[in-house]
Amino acid sequence: MSDYRFCTVVDEGRTRIVTINRPEVLNALNSEAHWEFDTVWNEFAASPDLWVGIITGAGERAFSAGNDLKVQAAGRRGPRPATGFAGLSHRFDLDKPLIAAVNGVAMGGGFETALACDIIVAAENAVFALPEPRVGLIAGSGVHRLPRMIGQKNALGMILTGRRVSAQEGKELGFINEVVPQGEALAAAKRWAGLILECSPMAIRASKQVVYRSLNEPTLQQAMTKTYPAQQANLGSQDYIEGPRAFAERRKPNWQNR
């Protein structure tokens, strides 16, 4: 495993755990960091041995406070990779599931990074916001993702005020899957990862791809009658045969990811 400046990366079996590691600035990120995260997630996407990703923040105070405004104010803000904040906010081609384990502050780009994940587990002390307009900016991906998840009115209530939302309210609004006691977000994310890993990795990726891509279809009928690439790949896989066979033989399936 490579050494990284802005994060730590640990692979536990089929799961990659990426920790934003700048606790001294509430895990805020600059352009150099985004390129590093881009590399980390590119490696994850390309590895046949890694099936689930988890992202979290170092310490209990913050998942990520977002953009490092001090760097930007000093005129040192450089270009970001095409994959966006933390290499995730604008990444649209990753079919492997991602889980955000949010501990503490998740604001601006930090919140957008969590929204780019498929599942969000939040500690009770987690706080979410898109405060960019308060400093003359716009939440580049948040203004698109959040309305699609919780509806226009709820999303605009956050976007147009920059207000802070607790983990419990986030659960009620619908962008958080589970709220856990402080200090237990990562453990809960690993539990979710374990449940995902019980399933066929090819079927999981096909399911994720179909969910996201089908939302672009104009009608339900068109969405349901289209066959998506990962869905077709799953139909022709060994795992497609292994699942029913294991069920019939009353044993756990031995997924091969092919």
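Q: Which element gives the most to the lining of the second largest cavity?
A: This is a predicted model. In it, α8 gives the most to that lining, with three residues.

Q: What else lines the second largest cavity?
A: The lining is made of W51, V52, P97, I196, L197, C199, P201, I204 and R205. The elements that give two or more residues to it are α7 (185-197) and α8.

Q: Which elements give two or more residues to the lining of the largest pocket?
A: Those are α3 (109-115), β7 (119-123), α4 (142-150) and α8 (201-214). The largest share comes from α8, at seven residues.

Q: How does the pocket lining divide by residue type?
A: There are 19 nonpolar, ten polar and eight charged residues.

Q: Changing topic. How many aromatic pairs does the structure hold?
A: Four. One of them is F111 with F175, where the ring centres are 5.0 Å apart and the planes are at 55°, so the pair counts as tilted.

Q: Where do F111 and F175 lie in the sequence?
A: F111 is in helix α3, and F175 is in the loop between α6 (167-173) and β10 (178-180). The pair therefore ties together parts that are 64 residues apart in sequence.

Q: Is F111 buried or exposed? And F175, buried or exposed?
A: F111 counts as buried because its relative accessibility is 0%. F175 is at 4%, so F175 counts as buried too.

Q: Which residues do ring pairs link into a cluster?
A: F111, F128 and F175.

Q: What stands opposite F128?
A: V165 in β9 does. Strand β8 (residues 127-129) pairs with β9 in the antiparallel sense, over two bridges.

Q: What is the strand order in that open sheet?
A: The order is β4-β6-β8-β9, an open sheet of four strands with mixed pairing. β4 (62-64) and β9 (165-166) stand at the edges with a single partner strand each, so one side of each has no neighbour in the sheet.

Q: Back to rings. What lies over the face of W51?
A: R14 lies over the face of W51, 4.2 Å from the ring centre. W51 also belongs to the lining of the second largest cavity.

Q: And what sits over the ring of F44?
A: The charged end of K96, at 4.9 Å from the ring centre.

Q: Backbone next. What is the phi of N27?
A: N27 has a positive phi of about 60°, although it is not a glycine. Most residues other than glycine have a negative phi. N27 lies in the loop between β2 (15-20) and α1 (31-46), and its relative accessible area of 0% makes N27 buried.

Q: What about A86, what is its phi?
A: A86 also has a positive phi of about 60° and is not a glycine. A86 lies in the loop between α2 (69-73) and β5 (98-102). With a relative accessible area of 0%, A86 is buried.

Definitions and conventions:
Residues numbered from 1 in each chain as written. Predicted model: local features only at pLDDT ≥ 70, side-chain atom pairs only at ≥ 80, totals over all residues. Heavy atoms only, no water. Nonpolar A, V, L, I, M, F, W, Y, C, P; charged D, E, K, R; others polar. Phe/Tyr/Trp six-rings, centres within 6.5 Å; stacked < 30°, edge-to-face > 60°. Buried < 20%, exposed > 50% of the residue type's maximum accessible area, 1.4 Å probe, protein only. Lys NZ or Arg CZ within 6 Å of the ring centre and 35° of its normal. 1 Å grid on protein atoms, 1.4 Å probe; cavity = no way out; pocket = protein on both sides within 12 Å on 5 of 7 lines; lining within 4 Å. Pairing = 2+ DSSP bridges.
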